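Could you walk me through this model in the viewer, one selection at a time? I would like to know what to pick next and what I will find there.

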Amino acid sequence: MATRVRPNSKRCVVIGGSGFLGRHLVEKLLDRGYSVSVFDIRQSYELPGVTFLQGDLCDKQALLTALKNVSLVFHCASPAPSSDDRTLFERVNVQGTKTAIEACIEAGVQKMVLTSSASVVYDGTDIKNGSEDLQYATKPIDYYTQTKIQQEKLVLEACDKHKGFLTVAIRPHGIFGPRDPQLVPIMVDTARRGKMKFIIGDGSNVVDFTYVDNVVHGHILAAERLRPDSPICGKAYHITNDEPVRFWDFMSELLVGLGYDAPRFHLPYFLVYGLALLLWLLTWILSPVFSIKTTFTPMRVALAGTHHYYSCERAKEHLGYKPVVSLKEGIARTLESYPHLRKGA
Ligand SMILES: NC(=O)C1=CN([C@@H]2O[C@H](COP(=O)(O)OP(=O)(O)OC[C@H]3O[C@@H](n4cnc5c(N)ncnc54)[C@H](OP(=O)(O)O)[C@@H]3O)[C@@H](O)[C@H]2O)C=CC1
Ligand SMILES: CC(C)=CCC[C@@H](C)[C@H]1CC[C@H]2C3=C(CC[C@]12C)[C@@]1(C)CCC(=O)C[C@@H]1CC3
(Lines give C-alpha, C1' and ligand atoms only; values in the text may rest on other atoms or scores of the structure.)
(Ligands and ions follow the chains in the order given, each with its own letter.)
Protein backbone atom coordinates (compact mmCIF):
# COMPACT_ATOMS: atom_id res chain seq x y z
CA MET A 1 0.00 0.00 0.00
CA ALA A 2 1.36 3.43 -0.95
CA THR A 3 2.00 5.65 2.07
CA ARG A 4 1.08 9.27 1.70
CA VAL A 5 3.71 11.44 3.39
CA ARG A 6 2.07 13.93 5.72
CA PRO A 7 3.31 17.40 4.84
CA ASN A 8 5.32 19.03 7.57
CA SER A 9 3.63 22.30 8.60
CA LYS A 10 6.97 24.10 8.30
CA ARG A 11 7.60 22.99 4.71
CA CYS A 12 6.87 25.86 2.41
CA VAL A 13 7.35 27.10 -1.12
CA VAL A 14 7.83 30.77 -1.96
CA ILE A 15 6.55 31.42 -5.49
CA GLY A 16 8.44 34.52 -6.63
CA GLY A 17 11.12 33.85 -4.00
CA SER A 18 13.91 35.21 -6.24
CA GLY A 19 12.39 38.70 -6.17
CA PHE A 20 12.89 41.58 -3.75
CA LEU A 21 10.20 40.74 -1.20
CA GLY A 22 10.44 37.00 -1.86
CA ARG A 23 14.13 36.82 -0.96
CA HIS A 24 13.64 38.75 2.31
CA LEU A 25 10.78 36.38 3.12
CA VAL A 26 12.92 33.31 2.36
CA GLU A 27 15.69 34.58 4.66
CA LYS A 28 13.30 35.18 7.57
CA LEU A 29 11.55 31.83 7.09
CA LEU A 30 14.92 30.06 7.30
CA ASP A 31 15.73 31.95 10.53
CA ARG A 32 12.43 30.74 11.94
CA GLY A 33 13.16 27.09 11.21
CA TYR A 34 11.05 26.61 8.08
CA SER A 35 12.19 24.33 5.32
CA VAL A 36 12.02 26.52 2.22
CA SER A 37 11.95 26.02 -1.54
CA VAL A 38 11.80 28.80 -4.08
CA PHE A 39 9.75 28.52 -7.25
CA ASP A 40 10.55 31.34 -9.64
CA ILE A 41 11.05 31.99 -13.31
CA ARG A 42 14.65 32.95 -12.52
CA GLN A 43 17.23 32.09 -9.86
CA SER A 44 18.85 35.28 -8.60
CA TYR A 45 20.91 34.01 -5.65
CA GLU A 46 22.03 30.91 -3.75
CA LEU A 47 21.38 30.26 -0.10
CA PRO A 48 22.40 27.18 1.91
CA GLY A 49 19.35 25.12 2.77
CA VAL A 50 17.15 26.59 0.04
CA THR A 51 16.12 24.49 -2.95
CA PHE A 52 15.50 26.45 -6.16
CA LEU A 53 13.03 25.22 -8.72
CA GLN A 54 13.10 27.32 -11.81
CA GLY A 55 9.75 27.40 -13.56
CA ASP A 56 6.78 29.40 -14.71
CA LEU A 57 3.79 29.82 -12.45
CA CYS A 58 1.57 29.00 -15.43
CA ASP A 59 3.15 25.54 -15.78
CA LYS A 60 1.00 23.27 -13.62
CA GLN A 61 3.23 20.21 -13.96
CA ALA A 62 6.29 22.16 -12.79
CA LEU A 63 4.28 23.50 -9.86
CA LEU A 64 2.98 20.05 -8.91
CA THR A 65 6.57 18.80 -8.70
CA ALA A 66 7.53 21.76 -6.51
CA LEU A 67 4.53 21.34 -4.20
CA LYS A 68 5.03 17.68 -3.23
CA ASN A 69 4.71 17.30 0.58
CA VAL A 70 4.42 21.05 1.05
CA SER A 71 1.80 22.45 3.44
CA LEU A 72 2.25 26.20 2.95
CA VAL A 73 2.66 28.37 -0.14
CA PHE A 74 3.55 32.05 -0.25
CA HIS A 75 2.62 33.54 -3.63
CA CYS A 76 4.55 36.75 -4.27
CA ALA A 77 5.32 36.43 -7.99
CA SER A 78 4.26 39.18 -10.37
CA PRO A 79 5.63 40.97 -13.42
CA ALA A 80 7.13 44.37 -12.52
CA PRO A 81 4.36 46.98 -12.05
CA SER A 82 6.16 49.33 -14.46
CA SER A 83 5.72 46.89 -17.36
CA ASP A 84 3.22 47.86 -20.03
CA ASP A 85 2.71 44.29 -21.22
CA ARG A 86 -0.99 43.64 -20.58
CA THR A 87 -0.81 40.08 -21.90
CA LEU A 88 1.94 39.27 -19.41
CA PHE A 89 -0.03 40.68 -16.44
CA GLU A 90 -3.11 38.69 -17.48
CA ARG A 91 -1.05 35.52 -18.01
CA VAL A 92 0.93 35.65 -14.76
CA ASN A 93 -1.34 37.42 -12.26
CA VAL A 94 -4.64 35.92 -13.39
CA GLN A 95 -4.03 32.67 -15.30
CA GLY A 96 -0.89 31.83 -13.31
CA THR A 97 -2.67 32.40 -10.00
CA LYS A 98 -5.57 30.16 -11.12
CA THR A 99 -3.02 27.49 -12.02
CA ALA A 100 -1.24 27.87 -8.68
CA ILE A 101 -4.53 27.47 -6.76
CA GLU A 102 -5.44 24.34 -8.75
CA ALA A 103 -1.96 22.89 -8.25
CA CYS A 104 -2.07 23.59 -4.49
CA ILE A 105 -5.44 21.87 -4.11
CA GLU A 106 -4.30 18.89 -6.22
CA ALA A 107 -1.02 18.56 -4.28
CA GLY A 108 -2.74 18.75 -0.88
CA VAL A 109 -1.24 22.11 0.15
CA GLN A 110 -3.19 23.43 3.14
CA LYS A 111 -2.49 27.16 3.11
CA MET A 112 -1.75 29.93 0.64
CA VAL A 113 -0.64 33.44 1.62
CA LEU A 114 -0.94 35.85 -1.31
CA THR A 115 1.00 39.09 -1.62
CA SER A 116 -1.67 41.43 -2.89
CA SER A 117 -1.39 45.24 -2.79
CA ALA A 118 -3.14 48.06 -0.93
CA SER A 119 -3.49 49.68 -4.35
CA VAL A 120 -6.39 47.33 -5.17
CA VAL A 121 -8.68 49.97 -3.64
CA TYR A 122 -6.88 53.02 -5.07
CA ASP A 123 -8.27 54.69 -8.19
CA GLY A 124 -5.97 57.72 -8.25
CA THR A 125 -7.86 59.88 -5.76
CA ASP A 126 -7.16 60.49 -2.05
CA ILE A 127 -7.39 57.62 0.44
CA LYS A 128 -6.87 58.60 4.09
CA ASN A 129 -6.51 55.83 6.65
CA GLY A 130 -8.41 53.46 4.33
CA SER A 131 -9.65 50.22 5.87
CA GLU A 132 -10.07 46.82 4.20
CA ASP A 133 -13.80 47.58 3.93
CA LEU A 134 -13.17 49.92 0.99
CA GLN A 135 -14.49 48.55 -2.30
CA TYR A 136 -12.05 47.41 -4.96
CA ALA A 137 -11.15 50.29 -7.29
CA THR A 138 -13.69 50.62 -10.08
CA LYS A 139 -11.11 52.45 -12.20
CA PRO A 140 -7.75 50.93 -11.18
CA ILE A 141 -4.77 53.16 -12.01
CA ASP A 142 -3.17 50.67 -14.39
CA TYR A 143 -3.35 47.16 -15.76
CA TYR A 144 -1.02 45.84 -13.06
CA THR A 145 -3.53 46.91 -10.40
CA GLN A 146 -6.48 45.59 -12.38
CA THR A 147 -4.90 42.13 -12.47
CA LYS A 148 -3.90 42.38 -8.76
CA ILE A 149 -7.64 42.85 -7.99
CA GLN A 150 -8.57 39.79 -10.06
CA GLN A 151 -5.75 37.82 -8.43
CA GLU A 152 -6.82 38.72 -4.88
CA LYS A 153 -10.44 37.79 -5.59
CA LEU A 154 -9.37 34.41 -7.02
CA VAL A 155 -7.24 33.56 -4.00
CA LEU A 156 -9.74 34.69 -1.36
CA GLU A 157 -12.64 32.93 -3.09
CA ALA A 158 -10.62 29.70 -3.19
CA CYS A 159 -10.57 29.53 0.63
CA ASP A 160 -12.48 26.38 1.49
CA LYS A 161 -12.39 24.90 5.00
CA HIS A 162 -14.15 21.71 3.81
CA LYS A 163 -11.54 21.08 1.15
CA GLY A 164 -8.84 21.87 3.71
CA PHE A 165 -7.41 24.74 1.63
CA LEU A 166 -7.13 28.06 3.51
CA THR A 167 -6.14 31.39 2.01
CA VAL A 168 -5.36 34.92 3.15
CA ALA A 169 -4.08 38.03 1.33
CA ILE A 170 -1.56 40.57 2.58
CA ARG A 171 -1.86 44.05 1.10
CA PRO A 172 1.42 45.93 1.56
CA HIS A 173 2.03 49.46 0.34
CA GLY A 174 5.15 51.11 -1.09
CA ILE A 175 7.65 48.46 -0.02
CA PHE A 176 11.21 49.70 0.40
CA GLY A 177 14.47 48.29 1.75
CA PRO A 178 17.79 46.80 0.66
CA ARG A 179 17.77 45.27 -2.86
CA ASP A 180 14.49 46.96 -3.85
CA PRO A 181 14.66 47.23 -7.64
CA GLN A 182 12.02 49.95 -7.93
CA LEU A 183 11.49 52.77 -5.50
CA VAL A 184 15.05 53.95 -4.73
CA PRO A 185 16.57 53.03 -8.14
CA ILE A 186 13.79 54.85 -10.07
CA MET A 187 14.05 57.86 -7.77
CA VAL A 188 17.86 58.02 -8.16
CA ASP A 189 17.64 57.56 -11.91
CA THR A 190 15.17 60.47 -12.09
CA ALA A 191 17.49 62.59 -9.90
CA ARG A 192 20.53 61.73 -12.03
CA ARG A 193 18.63 62.90 -15.11
CA GLY A 194 18.03 66.22 -13.30
CA LYS A 195 14.27 65.63 -13.10
CA MET A 196 13.83 65.33 -9.35
CA LYS A 197 13.65 69.10 -8.77
CA PHE A 198 9.87 69.43 -8.65
CA ILE A 199 7.26 68.73 -6.02
CA ILE A 200 3.93 67.74 -7.55
CA GLY A 201 1.22 69.72 -5.75
CA ASP A 202 1.71 71.52 -2.42
CA GLY A 203 3.76 68.62 -0.99
CA SER A 204 1.35 67.89 1.86
CA ASN A 205 0.07 64.53 0.57
CA VAL A 206 0.57 61.68 3.01
CA VAL A 207 1.47 58.14 1.94
CA ASP A 208 2.49 54.78 3.45
CA PHE A 209 5.96 53.44 2.79
CA THR A 210 6.56 50.05 4.34
CA TYR A 211 9.92 48.63 5.29
CA VAL A 212 10.34 45.18 3.75
CA ASP A 213 10.91 43.37 7.10
CA ASN A 214 7.48 44.55 8.29
CA VAL A 215 5.87 43.15 5.16
CA VAL A 216 7.67 39.83 5.75
CA HIS A 217 6.54 39.84 9.39
CA GLY A 218 2.90 40.33 8.28
CA HIS A 219 3.15 37.38 5.88
CA ILE A 220 4.56 35.00 8.49
CA LEU A 221 2.01 36.01 11.13
CA ALA A 222 -0.77 35.43 8.60
CA ALA A 223 0.58 31.98 7.72
CA GLU A 224 0.86 30.99 11.37
CA ARG A 225 -2.62 32.30 12.29
CA LEU A 226 -4.31 30.70 9.29
CA ARG A 227 -6.36 27.85 10.78
CA PRO A 228 -9.87 26.56 9.98
CA ASP A 229 -11.33 28.27 13.08
CA SER A 230 -9.57 31.61 12.59
CA PRO A 231 -11.34 34.81 11.46
CA ILE A 232 -8.59 35.51 8.94
CA CYS A 233 -9.61 32.78 6.46
CA GLY A 234 -10.43 34.28 3.06
CA LYS A 235 -9.66 37.84 4.23
CA ALA A 236 -7.27 40.61 3.16
CA TYR A 237 -5.05 42.63 5.53
CA HIS A 238 -3.24 45.94 5.08
CA ILE A 239 0.35 45.77 6.26
CA THR A 240 2.08 49.13 6.61
CA ASN A 241 4.70 50.78 8.80
CA ASP A 242 1.79 52.44 10.63
CA GLU A 243 3.68 55.72 10.23
CA PRO A 244 2.14 57.55 7.25
CA VAL A 245 4.50 60.22 6.03
CA ARG A 246 4.43 63.15 3.57
CA PHE A 247 5.40 61.65 0.21
CA TRP A 248 7.87 64.44 -0.58
CA ASP A 249 9.45 64.40 2.91
CA PHE A 250 10.15 60.68 2.49
CA MET A 251 11.60 61.18 -1.02
CA SER A 252 13.68 64.14 0.18
CA GLU A 253 15.10 62.15 3.10
CA LEU A 254 16.23 59.37 0.75
CA LEU A 255 17.60 61.79 -1.84
CA VAL A 256 19.53 63.91 0.66
CA GLY A 257 20.76 60.75 2.40
CA LEU A 258 22.26 59.64 -0.93
CA GLY A 259 23.82 63.05 -1.60
CA TYR A 260 21.25 64.52 -4.03
CA ASP A 261 19.30 67.75 -3.63
CA ALA A 262 15.76 67.57 -2.30
CA PRO A 263 13.02 68.68 -4.75
CA ARG A 264 12.15 72.35 -4.15
CA PHE A 265 9.93 73.82 -6.87
CA HIS A 266 6.19 73.28 -6.71
CA LEU A 267 4.09 72.48 -9.78
CA PRO A 268 0.26 72.35 -9.73
CA TYR A 269 -0.97 68.76 -9.50
CA PHE A 270 -3.58 69.00 -12.27
CA LEU A 271 -1.14 70.65 -14.68
CA VAL A 272 1.40 67.83 -14.23
CA TYR A 273 -1.30 65.15 -14.36
CA GLY A 274 -2.69 66.70 -17.57
CA LEU A 275 0.78 66.76 -19.16
CA ALA A 276 1.40 63.13 -18.23
CA LEU A 277 -1.98 62.19 -19.69
CA LEU A 278 -1.18 64.06 -22.91
CA LEU A 279 2.19 62.35 -23.19
CA TRP A 280 0.55 58.96 -22.57
CA LEU A 281 -2.02 59.70 -25.31
CA LEU A 282 0.73 60.72 -27.74
CA THR A 283 2.79 57.58 -27.08
CA TRP A 284 -0.37 55.50 -27.54
CA ILE A 285 -1.23 57.19 -30.86
CA LEU A 286 2.36 56.81 -32.09
CA SER A 287 2.77 53.26 -30.79
CA PRO A 288 2.15 51.58 -34.20
CA VAL A 289 5.08 53.62 -35.60
CA PHE A 290 7.44 54.27 -32.64
CA SER A 291 7.90 52.43 -29.39
CA ILE A 292 8.45 55.15 -26.76
CA LYS A 293 8.79 54.20 -23.11
CA THR A 294 8.20 57.01 -20.64
CA THR A 295 8.61 57.01 -16.86
CA PHE A 296 6.46 60.15 -16.63
CA THR A 297 3.11 58.36 -16.43
CA PRO A 298 -0.27 59.55 -15.07
CA MET A 299 -0.09 56.63 -12.63
CA ARG A 300 3.20 57.85 -11.10
CA VAL A 301 1.92 61.43 -10.96
CA ALA A 302 -1.18 60.26 -9.07
CA LEU A 303 0.93 58.20 -6.66
CA ALA A 304 3.22 61.18 -6.04
CA GLY A 305 0.52 63.82 -5.69
CA THR A 306 -2.39 62.29 -3.74
CA HIS A 307 -2.93 60.95 -0.23
CA HIS A 308 -2.86 57.16 -0.03
CA TYR A 309 -2.41 55.71 3.41
CA TYR A 310 -4.14 52.78 5.03
CA SER A 311 -5.16 51.58 8.45
CA CYS A 312 -3.54 48.36 9.66
CA GLU A 313 -5.80 48.09 12.74
CA ARG A 314 -7.36 44.86 11.45
CA ALA A 315 -3.96 43.23 11.09
CA LYS A 316 -3.12 44.31 14.64
CA GLU A 317 -6.33 42.82 15.97
CA HIS A 318 -6.48 39.58 13.96
CA LEU A 319 -2.81 38.83 13.29
CA GLY A 320 -1.21 40.40 16.35
CA TYR A 321 0.75 42.58 13.88
CA LYS A 322 3.00 45.42 14.99
CA PRO A 323 5.76 46.85 12.80
CA VAL A 324 9.15 45.44 13.80
CA VAL A 325 11.29 48.15 12.13
CA SER A 326 10.48 51.88 12.43
CA LEU A 327 10.47 54.16 9.39
CA LYS A 328 13.59 55.95 10.67
CA GLU A 329 15.51 52.70 11.09
CA GLY A 330 14.18 51.37 7.76
CA ILE A 331 15.41 54.48 5.95
CA ALA A 332 18.84 54.24 7.62
CA ARG A 333 19.22 50.55 6.65
CA THR A 334 18.08 51.31 3.10
CA LEU A 335 20.51 54.21 2.62
CA GLU A 336 23.38 52.09 3.90
CA SER A 337 22.54 49.33 1.42
CA TYR A 338 22.86 51.52 -1.69
CA PRO A 339 26.49 52.80 -1.78
CA HIS A 340 26.47 52.44 -5.59
CA LEU A 341 23.49 54.79 -5.92
CA ARG A 342 25.11 57.64 -3.97
CA LYS A 343 25.81 60.84 -5.89
CA GLY A 344 29.17 60.56 -7.63
CA ALA A 345 29.48 56.78 -7.13
N1 LIG B 1 7.24 46.49 -4.42
C2 LIG B 1 6.14 47.07 -3.93
O3 LIG B 1 6.15 48.25 -3.52
C4 LIG B 1 4.90 46.29 -3.81
C5 LIG B 1 4.79 44.97 -4.26
N6 LIG B 1 3.64 44.27 -4.10
C7 LIG B 1 3.55 42.87 -4.53
O8 LIG B 1 4.57 42.13 -3.88
C9 LIG B 1 4.98 41.03 -4.68
C10 LIG B 1 6.49 41.00 -4.77
O11 LIG B 1 6.93 42.21 -5.34
P12 LIG B 1 8.47 42.52 -5.53
O13 LIG B 1 9.28 41.64 -4.67
O14 LIG B 1 8.60 43.99 -5.43
O15 LIG B 1 8.66 42.13 -7.08
P16 LIG B 1 9.87 41.39 -7.80
O17 LIG B 1 9.70 41.67 -9.27
O18 LIG B 1 11.16 41.75 -7.18
O19 LIG B 1 9.59 39.84 -7.51
C20 LIG B 1 8.65 39.08 -8.22
C21 LIG B 1 9.31 37.77 -8.64
O22 LIG B 1 8.35 36.96 -9.35
C23 LIG B 1 8.99 36.44 -10.52
N24 LIG B 1 8.04 36.06 -11.55
C25 LIG B 1 7.46 36.87 -12.49
N26 LIG B 1 6.70 36.14 -13.31
C27 LIG B 1 6.78 34.85 -12.90
C28 LIG B 1 6.22 33.63 -13.37
N29 LIG B 1 5.45 33.58 -14.46
N30 LIG B 1 6.50 32.49 -12.70
C31 LIG B 1 7.32 32.52 -11.62
N32 LIG B 1 7.89 33.64 -11.14
C33 LIG B 1 7.63 34.80 -11.77
C34 LIG B 1 9.87 37.62 -10.94
O35 LIG B 1 10.81 37.24 -11.94
P36 LIG B 1 11.26 38.38 -12.99
O37 LIG B 1 11.95 39.45 -12.21
O38 LIG B 1 12.15 37.64 -13.94
O39 LIG B 1 10.00 38.88 -13.64
C40 LIG B 1 10.49 38.00 -9.61
O41 LIG B 1 11.57 37.16 -9.29
C42 LIG B 1 4.26 41.19 -6.01
O43 LIG B 1 3.14 40.34 -6.03
C44 LIG B 1 3.80 42.63 -6.02
O45 LIG B 1 2.62 42.77 -6.76
C46 LIG B 1 2.56 44.83 -3.48
C47 LIG B 1 2.61 46.09 -3.02
C48 LIG B 1 3.76 46.93 -3.15
C1 LIG C 1 8.25 61.15 -8.47
C2 LIG C 1 9.15 59.98 -8.53
C3 LIG C 1 10.03 59.85 -9.72
C4 LIG C 1 9.14 59.10 -7.55
C5 LIG C 1 9.96 57.84 -7.54
C6 LIG C 1 9.35 56.83 -6.64
C7 LIG C 1 8.31 55.93 -7.34
C8 LIG C 1 9.05 55.07 -8.34
C9 LIG C 1 7.57 55.11 -6.26
C10 LIG C 1 6.72 56.03 -5.36
C11 LIG C 1 5.50 55.25 -4.94
C12 LIG C 1 5.83 53.84 -5.37
C13 LIG C 1 4.76 52.79 -5.45
C14 LIG C 1 4.92 51.70 -6.31
C15 LIG C 1 6.09 51.62 -7.24
C16 LIG C 1 7.19 52.66 -7.00
C17 LIG C 1 6.59 54.03 -6.69
C18 LIG C 1 5.72 54.49 -7.84
C19 LIG C 1 3.85 50.64 -6.45
C20 LIG C 1 3.08 50.96 -7.74
C21 LIG C 1 4.45 49.24 -6.57
C22 LIG C 1 3.41 48.17 -6.72
C23 LIG C 1 2.20 48.34 -5.88
O24 LIG C 1 1.49 47.37 -5.66
C25 LIG C 1 1.79 49.66 -5.40
C26 LIG C 1 2.95 50.61 -5.21
C27 LIG C 1 2.48 52.00 -4.82
C28 LIG C 1 3.62 52.92 -4.51
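Start with ligand 2 and select what lies around it: Pro81, Ser117, Ser119, Gly174, Gln182, Leu183, Ile186, Met187, Thr190, Arg300, Leu303 and Ala304. Keep in mind as you look that this is a predicted model. Two helices give two or more residues each to this shell, namely H5 (183-192) and H9 (298-305). Which of the elements gives the most to the shell around ligand 2? That is H5, with four residues. Colour the shell by class and you will get six nonpolar residues, five polar ones and one charged.

Turn the view to look along the crossing, and you have H8 passing H9 in a left-handed manner. To see the contact itself, show Tyr269, Val272, Tyr273, Ala276, Leu277 and Trp280 on H8, then Pro298, Val301, Ala302 and Gly305 on H9. By class, the contact of H8 with H9 holds nine nonpolar residues, one polar and no charged.

While you are here, select residues 270-290, which an unreviewed UniProt entry annotates as "transmembrane region". This span is 81% helix and 0% strand, and its end C-alpha atoms lie 27 Å apart.

Now widen the selection to residues 13-267, where UniProt (again an unreviewed entry) places the feature "domain: 3-beta hydroxysteroid dehydrogenase/isomerase". Over residues 13-267 the chain is 36% helix and 21% strand, and the end C-alpha atoms are 46 Å apart.

Move on to ligand 1. How many residues surround ligand 1, and which are the closest? There are 27 of them, and the closest are Gly16, Gly19, Leu21, Leu57 and Ala77. Helices H1 (20-31) and H3 (86-107) each supply at least two residues of this shell. H1 gives the most, with three residues. Coloured by class, the shell around ligand 1 shows 13 nonpolar, ten polar and four charged residues.

For the last stop, follow H3 to its contact with helix H4, residues 143-157. How do two packed helices get described? By the angle between their axes and the distance between the axes. Here the axes of H3 and H4 come within 9 Å and cross at roughly 10°. Angles under 35 degrees count as roughly parallel, so H3 is roughly parallel to H4. On the H3 side, show Arg86, Phe89, Glu90, Asn93, Val94, Thr97, Lys98 and Ile101. These meet Tyr143, Tyr144, Thr147, Lys148, Gln150, Gln151, Leu154 and Val155 in H4. The contact of H3 with H4 divides into seven nonpolar, five polar and four charged residues.

Conventions
Residues are numbered from 1 along each chain as its sequence is written. Chains are lettered from A and ligands numbered from 1 in the order in which they are written. This is a predicted model: local features need pLDDT of at least 70, side-chain atom pairs count only at pLDDT 80 or more; totals for chains, interfaces and linings use all residues. A residue is near a molecule or strand if its C-beta atom, placed from the backbone, lies within 6 Å of it. Ala, Val, Leu, Ile, Met, Phe, Trp, Tyr, Cys and Pro count as nonpolar, Asp, Glu, Lys and Arg as charged, and the others, Gly among them, as polar. Axes are lines fitted to C-alpha atoms, for helices over the stretch in contact, and angles run from 0 to 180 degrees between N-to-C directions. Angles under 35 degrees count as roughly parallel, over 145 as roughly antiparallel, 65 to 115 as roughly perpendicular and the rest as oblique. Two residues are in contact if their C-beta atoms, placed from the backbone, lie within 7 Å. UniProt positions are given in the numbering used here, feature names are shortened, and annotations may be inferred rather than shown by experiment. A crossing is left-handed if the near helix is turned anticlockwise from the far one by less than a right angle, and right-handed if clockwise.
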